[in-house]
Amino acid sequence: MEEKKITNPALLEAIEDMQANNTPDTVNHMIDCVMAAQFITPANVSQPRNVAKTDNNGATVMQQETQIQFQLIENGNKEKFFPAFTDEGEKDKWAGAEGKQNVIMTFDSFAQVLSAPDCDVKGFVINPFGKSVAFPTPMVMNLKKQKDERAEGGLTKKEIKSDEKIELGDPDPDEYPIDMMAAMINFFNERDDVSRAFLRTFRRENDEKPSYLVIVDFEGDKMEEIFKGVSIAASPHLNGYELSMMPFAVKFARNACDGVEPFFEA
């Protein structure tokens with residue numbers, strides 16, 4: 001059977017456009033292309049072998065499993081990443097791929113592997129020996145969550161009840177998210193409809209830990225687009241925190257900003 005030929009001309013064009021002109025629109029378009037792409041990831045693939053497993057009724061059944069050992073790349077900090085090649089030409093730039101078999105991966109399949117509790121891989125990198133784009137694991141998880149939410153009808157909206165106990169605060173000075181704020185400021189600077197943004201912490205009564213709460217003051221009707229951009233900018237820097245967002249137009253958000261200086265102001 002002839003092996004499927006993988007090419008991604010739309011993604012390659014989107015990466016080139018983003019790297020030449022980094023704006024929210026080019027970044028979002030590139031991410032949309034990544035979501036739709038198929039990638040080549042070299043691996044050692046063993047022949048299927050019989051494995052004994054126990055079913056839901058406690059009976060032992062035999063199943064065939066294929067063992068896959070991915071070839072990983074390392075950055076300067078010795079952190080491991082999955083390579084994600086857009087085509088054979090890009091794969092051939094890596095000597096480590098020689099003699100390996102092609103495993104076809106998608107964004108969703110990378111997200112599934114990276115979400116495993118025992119996975120120590122830090123993300124995946126598209127075309128690491130060409131015009132590369134890195135997707136760290138926190139960013140992948142956040143984008144996957146957004147994708148699933150959009151498939152269910154858009155951004156998830158969580159109602160705050162009038163009698164609900166909410167704890168508002170400021171980020172821990174020892175864990176102040178400077179990198180996250182810088183990334184969001186860069187995003188806001190590319191837009192002409194965002195005037196201010198505030199950062200608080202937000203905790204519901206039953207939450208184990210607070211989440212970051214970003215409150216954005218903007219004009220127009222592009223809330224979903226703005227919040228998606230905020231999430232993309234912030235996700236690599238969350239360090240285990242959840243991210244919540246509110247428009248400044250909401251009364252609760254305005255009250256949460258009372259006496260607080262914005263971290264961004266146009």
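Across which strands does helix H4 lie, and at about what angle to S6 does H4 run? Helix H4 (residues 107-114) lies across S6 and S8 and runs at about 165° to S6. Angles run from 0 to 180 degrees between N-to-C directions, with axes fitted to C-alpha atoms, for helices over the stretch in contact (heavy atoms within 4.5 Å). Helices (H or I, at least four residues) and strands (E, at least two) are DSSP runs numbered from the N terminus.

This is a predicted model, in which local features need pLDDT of at least 70, side-chain atom pairs count only at pLDDT 80 or more, and totals for chains, interfaces and linings use all residues. Residues are numbered from 1 along each chain as its sequence is written, and side-chain values use heavy atoms, leaving out hydrogens and water.

**Sheet**
- The order S5-S6-S8-S9 describes an open sheet of four strands with mixed pairing (two strands pair if DSSP finds at least two bridges between them).
- Its edge strands, S5 (73-74) and S9, each pair on one side only.
- S5 and S6 are antiparallel over two bridges, and Ile73 stands opposite Phe81 in S6.

**Strand S8**
- S8 runs parallel to S6 (residues 80-84), joined by three bridges; Pro83 has Val125 of S8 as its bridge partner.
- Four bridges join S8 to the antiparallel S9 (residues 133-136), where Gly123 is partnered by Pro136.
- From S8 (residues 123-126), Gly123 and Val125 point one way and Phe124 and Ile126 the other, and all are buried (under 20% relative accessible area, 1.4 Å probe, protein chains only; exposed is over 50%, partly exposed in between).
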